Amino acid sequence: MTRPPFKVGDRLPELCLTSIRNQPIVIPDAEVSFVHLQFRRYAGCPICNLHLRSFAKRVADLERAGIREVVVFHSSVAAMLPYQGDLPFDAVADPEKRLYRQFGVESSPKALLNPAVWPAILKGIVSVKPTRVREGGGTGLPADFLIGPDGTIIAMKYGQHANDHWSVDDVLMVAKASGSFTF
């Protein structure tokens, strides 16, 4: 892995994005305590969709903690709408991987080889009808960033394999540990 372009404590430049529902997204967001910016793989990825459903089920917990979810895929809007169109938070299409490059989110041929990935693949295939089309490739790695209202990176994680990402509990714990709010 190359050196990440950001480190904890850095301030991000303002990002003006558009959701797959054509809604504006500005990061940082002064209206919330945190933005959890997730980088996922392709739209029909069974691991990613299983993971995001766990966030959708607990969106009220995240919102109570002042956390806004924003998820990025390296797929087109058309590919994402059937999979992410019903999520109760924002999803962003980045088929050119501009944000992936800006944040240093990479791919690896080993993304699916770690045994920790295999149960999530099987469970995801049963839960979500995956696609055979893997826009942007099937070897992407996940990444998570917790961003404060002033754009400061509070915490970040670059996944080492396709199922190496923060859970809802991880996000809540990292946010709580930052001391910016109390539950």
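Modeller: The model is a predicted one, and the part examined here is helix α6, which spans residues 168-177. Buried positions in α6 are V168, V171, L172, V174 and A175. Viewed along the helix axis, these buried residues fall within an arc of 165°, so they line one face of α6. M173 and A177, on the other side of the helix, are exposed.

The buried residues of α6 pack against both strands and helices: the strands are β3 (34-39), β4 (67-73), β6 (143-147) and β7 (153-158), and the helices are α1 (46-57) and α2 (59-64).

V171 also belongs to the largest nonpolar core, which has 30 residues. Together with L62, I67, F89, L146 and V171, V71 is among the residues with the most contacts inside that core. Two or more residues each come from α1, α2, β4, α3 (77-84) and α6. Another core, of 21 residues, lies apart from this one and includes L15, L17, V105 and A143.

D90 sits in strand β5 (residues 90-93) and is buried, at a relative accessible area of 13%; the cut-off for buried is under 20%. The D90 side chain makes a polar contact with the side chain of R68, at 2.6 Å.

Key
Residues are numbered from 1 along each chain as its sequence is written. This is a predicted model: local features need pLDDT of at least 70, side-chain atom pairs count only at pLDDT 80 or more; totals for chains, interfaces and linings use all residues. Side-chain values use heavy atoms; hydrogens and water are left out. Buried means under 20% relative accessible area, exposed over 50%, partly exposed in between (1.4 Å probe, protein chains only). Helices (H or I, at least four residues) and strands (E, at least two) are DSSP runs, numbered from the N terminus. The arc is that of the directions from the helix axis to the C-beta atoms. Contact means heavy atoms within 4.5 Å. A nonpolar core is a set of buried Ala, Val, Leu, Ile, Met, Phe, Trp, Tyr and Cys residues joined through side-chain atoms within 4.5 Å. A polar contact is a pair of N or O atoms within 3.5 Å; within protein, one must be able to donate a hydrogen and the other to accept it, and residues adjacent in sequence count only if both atoms are side-chain atoms.
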